Amino acid sequence: MKRILIIATLLISATTLFAQSPIGKGGKQVNFGLGLYSNSIPVYFGMDFGVHNDITVGFQAGLDLEFDYLSLAGRGDYHFNTLLEIPQDWDFYAGLSLGFAVGIDNNYTSGLDLGAQVGGRYYWNSSWGVNLELGGGIEFSGGRVGLSKRF
């Protein structure tokens with residue numbers, strides 16, 4: 001009886017820990033899609049790496065469809081799932097990014113710029129989700145909508 005209780009407790013704990021962490025420590029996720037920007041529509045690609053159950057770091061690159069500007073940035077996000085007891089199908093986060101933009105045709109470089117983002121994802125299965133993010137800074141401020149694939 002004691003063993004059954006211990007095994008049941010461990011299984012419930014492991015399920016709860018997984019349910020509260022969409023990426024988790026050691027996990028990886030690719031994000032891609034379209035940006036929302038006042039002058040053009042950029043495409044973006046990025047990757048997140050889980051360094052803690054609630055924290056990811058990664059990179060992101062964006063290119064507007066007119067091929068005028070390229071942005072590159074590193075980013076860090078805090079995921080609120082554990083704190084707010086959000087189910088694993090959802091992921092709500094906020095964070096900061098640091099990067100720069102380069103003008104492809106006009107020899108323009110923005111210099112380092114600090115940005116902020118807040119967003120959420122809904123995973124329709126264990127690997128794929130839809131992502132919506134709002135933010136400001138050099139990374140085509142306004143927002144992004146796209147897909148996320150976790151590994």
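**Notes on an eight-stranded barrel model**

1. Phe59 counts as partly exposed, at 36% relative accessibility. On this scale, buried means under 20% relative accessible area, exposed means over 50%, and partly exposed is what falls in between (1.4 Å probe, protein chains only). I'll come back to the ring of Phe59 in point 7, where its partner is Phe45.

2. Ground rules before reading on. This is a predicted model, in which local features need pLDDT of at least 70 and side-chain atom pairs count only at pLDDT 80 or more, while totals for chains, interfaces and linings use all residues. Residues are numbered from 1 along each chain as its sequence is written, and side-chain values rest on heavy atoms, with hydrogens and water left out.

3. How far to trust it? pLDDT is the predictor's confidence in each residue, from 0 to 100. The protein chain averages 82, with 81% of its residues at 70 or more. Confidence is lowest in helix H1 (residues 2-19), with a mean of 42, and highest in strand S2 (residues 42-52), at 94. Over residues 4-20 the pLDDT stays under 50, and the model has 9 contacts beyond four places in sequence for that stretch. Contact here means heavy atoms within 4.5 Å.

4. The overall layout: 2 helices and 8 strands, running α-β-β-β-β-α-β-β-β-β from the N terminus. These elements are DSSP runs numbered from the N terminus, with helices (H or I) of at least four residues and strands (E) of at least two. The 8 strands close into a barrel in the order S1-S2-S3-S4-S5-S6-S7-S8, with antiparallel pairing. From one strand to the next, the twist averages 25°; the axes behind that angle are lines fitted to C-alpha atoms (for helices over the stretch in contact), and angles run from 0 to 180 degrees between N-to-C directions. Of the 151 residues, 38% count as buried, and residues 24 or more positions apart supply 44% of the contacts with a separation of 6 or more. The accessible surface is about 8,600 Å², 70% of it on carbon and sulfur atoms, by the Shrake-Rupley method with a 1.4 Å probe; for residues, only the protein chains shown count as cover.

5. Now the strand pairings, where a pair requires at least two DSSP bridges between the strands. S3 (residues 55-64) and S4 (residues 69-79) run antiparallel and are joined by 9 bridges; Gly62 has Ser71 in S4 as its bridge partner. The S3-S4 hairpin has 4 residues between the strands, and Phe67 takes a positive phi near 60° there. On its other pairing, S4 meets S5 (residues 90-103) over 11 antiparallel bridges, with Arg75 opposite Ser97 in S5. S7 and S8 (residues 143-150) are antiparallel too, over 6 bridges, and Trp128 has Lys149 in S8 as its bridge partner.

6. His79, in S4, is buried with a relative accessible area of 4%; beyond four places in sequence, His79 touches Asp54, Ile55, Thr56, Asp91, Phe92, Tyr93 and Arg121. Gly129 sits in S7 (residues 128-136) and is buried at 0% relative accessibility. The contacts of Gly129 beyond four places in sequence include Tyr122, Trp124 and Leu147; Gly146 is 17 residues away in sequence and 8.6 Å away from C-alpha to C-alpha. By contrast, Glu85 is exposed at 62%, lies in the loop between helix H2 (81-84) and S5, and has a positive phi near 55° despite not being a glycine.

7. Last, the aromatics. Rings of Phe, Tyr and Trp (its six-membered ring) pair if their centres lie within 6.5 Å; planes under 30 degrees apart are stacked, over 60 edge-to-face, and the rest tilted. Phe32 and Trp128 make an edge-to-face pair, 6.3 Å centre to centre with 85° between the planes. This pair links distant parts of the chain, with Phe32 in S1 (residues 28-36) and Trp128 in S7, 96 residues apart. Phe32 is partly exposed at 31%, as is Trp128 at 29%. The rings of Phe45 and Phe59 have centres 6.2 Å apart and planes at 50°, so that pair is tilted. Since Phe45 lies in S2 and Phe59 in S3, the pair ties together parts 14 residues apart in sequence. Phe45 is partly exposed, at 40%. Trp90, Phe92 and Tyr122 form one aromatic cluster.
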